[in-house]
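Me: I'd like to go through the charged side-chain pairs in this protein. Can you take me through them one at a time?

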Amino acid sequence: MKGPNVNILLIPDSFKGSLSSARLCAILKTVANEVMPEAQVTALPAADGGEGTLEMLHRAIGGAFVVHTVTGPCGQPVNARYLSAGDTAYIEMAEAAGLQHRLPGFNAANTTTFGVGQLCGEAINAGHRRLVLTMGGSCTADAGCGMAVALGARFIAPNGRPFIPTGESLSAIRHMTLNPFFWSGNIKVEALCDVTNPLCGYNGTAHQFAPQKEVSPQEVETIEAGMQHLAGIFANGNGPKLANMACAGAAGGCAAGVHAFLNGRLMSGSEALLDLVNFTELAAKADVIVTGEGGVDNQTTSGKLVSAVAERAQGRPVIVLAGSIAHDVNMDALYDKGVTSVIPLTTRPMSTGEAMSETATHVRQVAKNVFRLVKAFNR
């Protein structure tokens with residue numbers, strides 16, 4: 001480090017449901033400047049393909065937001081945006097099927113990504129020939145089947161009738177017909193995924209993420225069986241091998257649907273977005289990097305922003321602020337990625353609701369201690 005003119009790089013993810021990454025950056029930068037007035041502070045509100053990705057892209061590349069009313073995950077109308085930039089439309093699936101749109105009585109077993117497909121269709125109809133979908137923050141587990149139906153696919157049930165599969169009815173698919181437009185060469189589809197988990201198995205979307213979306217243990221097994229069934233249809237038909245495909249489990253398996261139904265390419269959202277903001281160059285100039293996310297758990301090392309930042313930090317100290325830390329998290333795995341320290345925001349026992357409502361206060365308190373330590377080691 002370089003004495004009082006220490007270079008601090010701030011690049012947190014959002015704390016879902018409490019603080020956006022932009023708000024987090026503003027708080028952290030204010031506290032850093034109060035504690036270390038001579039420090040050079042660079043703030044990059046970030047995302048990994050989940051919540052907040054559209055805003056991150058807008059800050060980086062410009063473009064214009066386009067709003068449409070589409071079908072929400074529970075069948076209700078919702079207003080959803082995409083970002084138009086040249087011939088590319090950036091579509092955050094959470095805009096149409098995010099957790100914020102889940103209604104009482106619904107969970108990942110019976111929600112749909114139909115509105116995501118509608119938003120894609122609007123972008124295509126407007127003349128865009130490249131779709132970049134950001135995968136994360138969904139309340140769904142339908143493997144993108146609803147999205148596919150909205151874009152011209154048909155799924156046939158055992159009774160011979162077309163239907164829109166959800167997480168609980170994936171196993172009912174007996175036949176499918178996909179829209180050949182997505183193999184015509186007239187459209188390019190990519191997905192930025194917030195995790196690298198596969199579609200099926202213990203590390204797949206049902207077991208790892210469905211419990212976070214209000215489903216019961218029995219429903220987890222139903223969804224897993226449906227994912228296996230869908231993957232089997234493609235595997236048996238010489239299609240893509242979805243079950244163990246990296247990133248396919250993102251967004252309730254919607255990433256698998258982007259690949260299988262829309263001929264899309266899957267990639268790590270955090271890696272692509274860090275490239276977009278020239279993170280490697282900024283990290284090389286930093287003396288300390290501060291990142292964070294709402295919940296640090298064993299998924300943090302599976303493609304999340306914190307993990308990507310640490311891996312690409314080039315040996316710089318990486319401090320992670322955590323809204324919560326799972327009791328079974330493998331801290332050594334985080335350290336092996338390059339994390340220096342994980343610091344929880346809460347300093348006393350409290351409910352989740354209380355912790356989320358007071359996040360800004362907790363961030364200020366913890367940030368002050370963090371930057372005082374940074375200052376002490378740079379005298």
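Predicted model: local features only at pLDDT ≥ 70, side-chain atom pairs only at ≥ 80, totals over all residues.

Me: How many salt bridges does a search of the whole structure find?

Reply: Side chains of opposite charge can pair when their charged atoms come close. Searching the whole structure for such salt bridges gives a total of 10.

Me: Which residue forms a salt bridge with E190?

Reply: The closest N and O atoms of this pair are 3.1 Å apart, and that is within the 4 Å cut-off. E190 sits in strand β10, and its partner is in strand β6, 60 residues apart. That partner is R130.

Me: Is E190 buried or exposed?

Reply: The relative accessible area of E190 is 4%. Buried means under 20%, so E190 counts as buried.

Me: What about R130: how does its relative accessible area class it?

Reply: R130 has a relative accessible area of 24%. The in-between class lies between the 20% and 50% limits, so R130 is partly exposed.

Me: Which helix holds the salt-bridge partner of K337?

Reply: K337 meets E311 in a salt bridge, at 3.2 Å from N to O. K337 lies in helix α12, with E311 26 residues apart from it, in helix α11.

Note on methods: Residues numbered from 1 in each chain as written. Heavy atoms only, no water. Salt bridge = Lys/Arg side-chain N within 4 Å of Asp/Glu carboxyl O. Helix = DSSP H or I, 4+ residues; strand = E, 2+ residues; numbered from the N terminus. Buried < 20%, exposed > 50% of the residue type's maximum accessible area, 1.4 Å probe, protein only.
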